[in-house]
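Please keep the sequence and the structure open alongside the text.

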Amino acid sequence: MCRALAPGEKKGRSMFEFFNPNRTTDIFVPAAEDPAVFFAADDLSRDIARVGGRPAVVKRFLPRDESAYLVVGTLGNPDFKRWLESNAIETSAIEGSWERYIIRSFGDDGRNLVVVGSDPRGTMWGVYHVSEYMLGIDPVSLWSGNEPAPRGDLAVDDVEIVSDEPTFKYRGWFLNDEDILCEWRDDGGTRYIDYPFYSTVIHQDVLMRVVETALRLRQNLMIPASFIDIMNPAEENLVRIVTERGMFVSQHHVEPLGVSHFGWDNFWAARGREIPCSFVKHREEYIEIWREYVERWAKYPNVIWQLGLRGRGDRPVWFHDDSVPPTDAARGALISDAYATQHKIVREVLGTDDFPSTTTLWMEGSELQRDGHLTFPDNVTIVFADLGSSQVMQDDFDVTERLDEFTYGVYHHVCFWGDG
């Protein structure tokens, strides 16, 4: 619980004060925090300026005096954990949890405020809780233009907030058909892809606004583009931005392990070879390119690996490879073979079985899975999809038995241009 003073209301003794006409309270973040936490603290500083006129100073160390302050940190940070213990701040309620946070007044007169996360994303959610519910910041204001009303002072009383774990472990956005984000700002870099409306890369300033908005809405996963090719530095920069901000990152279902049909063509052309994109005819070349792409993606943290086998331009693989067998059973066996091969490559590159992976059952995948033609590696997350034009889930969502060895997810179109 907490209570914010109304404008002009006199501050009592036990209050944490964000700002008044003479000063703005500093934000302390211990130096060893995850970079994503510092980004969130900087967002909070700017939010304070949006309401009170002056940003808070973000200090990269723990407070050493008795003045009023706001402290932000994560339980996995040993220095911060010791500081919490020295100030008798109880955190056992969230220890070992996924993305939880505590926001609490502390000190003899309650004039200090602390945000504690069970992990770095939990810390960020706590920071954005402060922005949204104490400062009155609209989470989508970067796009809505809805600015908070300015105030001369702001204080909160008796803060004691302990969050629950999120209902869904992974929650995020896929920027599908992102031409609407890049065609009006075309200096983000060049894409080397023979596909309409995909000649430029999303400018990093635009993606930063999208990522910040997603974080303010407590999203933790993003697929930052369609047909993304991490071998192109301008597109790799999108992966860097998403992971640097603390989000999980994944790949479009048309680019399993990051390799789309277009990426295949570019990869072999750069090596002076022209090889048809066919898992049937060129299995060893597929293994080679998948391994190289996994090694490149593995340089970044928090990757969720997409498994599958798709054709050019988000179509079934047999649309562009006439060597694919004609029966559903044989096609399912081929895709299942690709799943197993890809999973093995990731396991070998990472040196562990403990990694998240998904397969998105879009179009033909939904039908093959519904009819029992697909076999999945253990621990993969099976992602059901809607039919984009109607935004109604496809049949396999209702008829598939949920098994303990898998987890399940949903891929749903918030908007479907031209139909939805």
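The protein chain contains twelve helices and 17 strands, where helices (H or I, at least four residues) and strands (E, at least two) are DSSP runs numbered from the N terminus. This is a predicted model, in which local features need pLDDT of at least 70 and side-chain atom pairs count only at pLDDT 80 or more, while totals for chains, interfaces and linings use all residues. Residues are numbered from 1 along each chain as its sequence is written, and side-chain values use heavy atoms, with hydrogens and water left out.

**Overall dimensions**

- The C-alpha trace of the protein chain spans about 75 × 45 × 40 Å along its principal axes.
- Of the 420 residues of the protein chain, 54% count as buried, where buried means under 20% relative accessible area, exposed over 50%, and partly exposed in between (1.4 Å probe, protein chains only).
- Among the contacts in the protein chain with a separation of 6 or more, 70% are made by residues 24 or more positions apart, contact being defined as heavy atoms within 4.5 Å.

**Nonpolar cores**

- The largest nonpolar core has 91 residues, and those with the most contacts inside it are Phe18 and Leu207; such a core is a set of buried Ala, Val, Leu, Ile, Met, Phe, Trp, Tyr and Cys residues joined through side-chain atoms within 4.5 Å.
- Helix α1 (residues 35–52) gives the most to this core, with eight residues.
- Apart from this core lies another, of 14 residues, among them Trp83, Ile89, Ile94 and Val116.
- Not counting residues up to four places away in sequence, Phe18 touches a set of residues including Thr24, Ile48, Leu113, Val130, Met134 and Leu154.

- Ile241 lies in helix α7 (residues 233–244) and is buried, with a relative accessible area of 1%.
- Leaving aside neighbours within four places in sequence, Ile241 is in contact with Gln204, Leu207, Met208 and Val211; Ile241 and Gln204 are 37 residues apart in sequence and 7.7 Å apart in space, C-alpha to C-alpha.
- Glu288 belongs to helix α9 (residues 283–297) and counts as partly exposed at 36% relative accessibility, and the C-alpha atoms of Glu288 and Ile345, 57 residues apart along the chain, are separated by 9.7 Å.

**Aromatic pairs and charges over rings**

- The structure holds 27 aromatic pairs, a pair being rings of Phe, Tyr and Trp (its six-membered ring) whose centres lie within 6.5 Å, with planes under 30 degrees apart counted as stacked, over 60 as edge-to-face and the rest as tilted.
- The rings of Phe28 and Phe61 have centres 5.7 Å apart and planes at 70°, so this pair is edge-to-face.
- Because Phe28 lies in strand β3 (residues 27–28) and Phe61 in the loop between β4 (58–59) and β5 (70–74), the pair ties together parts that are 33 residues apart in sequence.
- Phe28 counts as buried at 5% relative accessibility, whereas Phe61 counts as partly exposed at 33%.
- The rings of Trp264 and Trp268 have centres 5.8 Å apart and planes at 65°, so this pair is also edge-to-face; the two residues are four apart in helix α8 (residues 261–269), which separates them by about one helical turn.
- Trp264 is buried at a relative accessible area of 0%, and Trp268 is buried at 1%.
- One aromatic cluster is formed by Trp264, Phe267, Trp268, Phe279, Tyr286, Trp290 and Tyr293.
- The charged end of Arg271 sits over the ring of Phe267, 3.5 Å from its centre, and Arg64 lies over the face of Phe61 at 4.5 Å from the ring centre; the criterion is NZ of Lys or CZ of Arg within 6 Å of the ring centre and within 35 degrees of the ring normal.

**Cysteines**

- The structure holds zero disulfides, a disulfide being a pair of cysteine sulfur atoms within 2.5 Å.
- The sulfur of Cys182 is 16 Å from the closest cysteine sulfur, in Cys415, which is too far for a bond.
- Cys182 is buried, with a relative accessible area of 2%, whereas Cys415 counts as exposed at 56% relative accessibility.
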